[in-house]
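Colleague: I would like to go through the labels used for this model and the values behind them.

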Amino acid sequence: MKPILVIGSDHAGYRMKQFIIKNLKEKGYLVEDKGPFNEDSVDAGIYAVAVGEDVAAHPAEKKGILICGTGIGMSMMANKVKGIRASLVSDLFSAEMTRAHNDANVLCMGARVVAEPIAWEFTRVWLTTKHLGGKYSVRVQHMMDYETKREEK
């Protein structure tokens, strides 16, 4: 079963977001666009939180994609949302490993860092890579346990 993909960007990532959405829909994915809906200047954090909260509320059904100029701000903000494991990628190996080893539920990319066709390849690899489980599940659980431990303090 394909996940529903929740996607957001800032103004710098708007065009790449549209390109990724087009490709996702052509591959039969359901896409929920959290904005923005034009290239006017916006705060990336608003969209990182919107995507992150939606993915965290529906962990079995949804995954997220975030795009800003570098991907750095989006990944930092998305990781503030409980339950999110957002990874910034800028190469194919990282796109694969962030799913295989870390079960990332949000992919972050930089529109000023990689070209659209390369970003699509990162997305494709990320979506088709399965989490390996086993010792990697233990590592992911450690991340999630630490997140809960921090909240309890």
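Modeller: A helix here is a DSSP run of H or I of at least four residues, and a strand is a run of E of at least two. By that rule the chain of this predicted model has six helices and five strands.

Colleague: How do you know whether the radius of gyration agrees with a compact globule?

Modeller: For 153 residues the globule rule gives a value near 15 Å; the chain has 14 Å, so the two agree. The C-alpha atoms fill a box of roughly 40 × 30 × 25 Å along the principal axes.

Colleague: Why is L88 called partly exposed?

Modeller: Buried means under 20% relative accessible area and exposed means over 50%. L88 has 36%, which lies in between, so L88 counts as partly exposed. L88 belongs to strand β4, residues 86-88, and together with I72 and M76 makes a nonpolar surface patch of about 270 Å².

Colleague: How much of the chain is buried?

Modeller: Buried residues make up 47% of the 153 residues. The accessible surface comes to about 8000 Å², with 54% of that belonging to carbon and sulfur atoms.

Colleague: What is there to note about the backbone at P36 and D103?

Modeller: Most residues other than glycine have a negative phi, and most peptide bonds are trans. G35 and P36 are joined by a cis peptide bond, with omega about -5°; P36 is in the loop between β2 and α2. D103, not a glycine, has a positive phi of about 50° and lies in the loop between α4 and β5.

Terms used. Residues are numbered from 1 along each chain as its sequence is written. This is a predicted model: local features need pLDDT of at least 70, side-chain atom pairs count only at pLDDT 80 or more; totals for chains, interfaces and linings use all residues. Side-chain values use heavy atoms; hydrogens and water are left out. Patches are made of residues with over 30% relative accessible area and no salt bridge: like charges are joined within 9 Å, nonpolar side chains (Val, Leu, Ile, Met, Phe, Trp, Tyr) within 5 Å. Accessible areas come from the Shrake-Rupley method with a 1.4 Å probe; for residues, only the protein chains shown count as cover. A salt bridge is a side-chain nitrogen of Lys or Arg within 4 Å of a carboxyl oxygen of Asp or Glu. Buried means under 20% relative accessible area, exposed over 50%, partly exposed in between (1.4 Å probe, protein chains only). The radius of gyration is taken over C-alpha atoms; the globule rule is 2.2 Å times the number of residues to the power 0.38.
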